[in-house]
Amino acid sequence: MLSLLLALAAPPTGPTLEESIGLARAAIRACEAQGQPVSASVVDAAGIPIAVLRADGAPKPPVAAPRKAATAVAFQAPGSVLEAREKTDPAFAAVIAAKPELYNAHGGSLPLYLQGLLVGGLAVADTSHETADACARAAVETQSRFTVGP
């Protein structure tokens with residue numbers, strides 16, 4: 001009985017390694033369908049990368065995607081929202097600028113929620129921010145476990 005209560009009380013976990021690889025691959029495929037070779041990354045709720053993938057022909061090393069995903073997690077918002085905030089909120093812009101090795105507040109990143117709790121983030125990089133955002137959202141739509149909002 002106690003183990004059942006503990007199991008019921010345990011917060012949701014995720015994304016797993018397999019789910020992370022699946023989400024990153026789905027994002028890359030969505031962009032490849034538009035002729036855009038990209039990088040994609042999934043991070044956990046602490047912003048630590050679980051999976052970082054780079055498509056064949058992607059133009060850059062996969063550096064921006066993990067940072068974008070970590071930023072979506074840290075600020076619990078999509079990169080498209082954070083990018084606009086960075087342009088209008090000097091204090092927020094200063095926080096982002098102070099940690100360029102950790103944060104990248106550009107479109108193409110999404111926080112991932114499970115049962116209303118933040119459990120990770122997904123990001124796409126190396127294309128326009130609008131395309132990256134669309135590819136990330138398409139990837140989340142390929143599975144039913146995660147949402148991009150609580």
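Two rings of Phe, Tyr or Trp (its six-membered ring) count as a pair if their centres lie within 6.5 Å; planes under 30 degrees apart are called stacked, over 60 edge-to-face, and the rest tilted. By that rule this predicted model has 2 aromatic pairs. In one of them, the ring centres of Phe-75 and Phe-92 sit 5.0 Å apart with planes at 85 degrees, so this pair is edge-to-face. It ties together distant parts of the chain, 17 residues apart: Phe-75 is in the loop between α3 and α4 (79–88), and Phe-92 is in helix α5 (residues 90–98). Helices here are DSSP runs of H or I, at least four residues, and strands are runs of E, at least two, numbered from the N terminus.

How exposed are these rings? Phe-92 is buried at 3% relative accessibility, while Phe-75 is partly exposed at 25% (buried is under 20% relative accessible area, exposed over 50%, partly exposed in between, with a 1.4 Å probe and protein chains only). Ring pairs also bring in Tyr-103, making a cluster with Phe-75 and Phe-92.

Now for Lys-68, in helix α3 (residues 64–74). Lys-68 is buried but has no salt bridge (a Lys or Arg side-chain nitrogen within 4 Å of an Asp or Glu carboxyl oxygen). The nearest side chain of opposite charge, Glu-83, is 7.2 Å away; Lys and Arg count as positive, Asp and Glu as negative, and His and the chain ends are left out. Leaving aside residues up to four places away in sequence, Lys-68 touches, among others, Asn-104, His-106 and Ala-132 (heavy atoms within 4.5 Å).

Residues are numbered from 1 along each chain as its sequence is written. Local features need pLDDT of at least 70 and side-chain atom pairs 80 or more, while totals for chains, interfaces and linings use all residues, and side-chain values use heavy atoms, without hydrogens or water.
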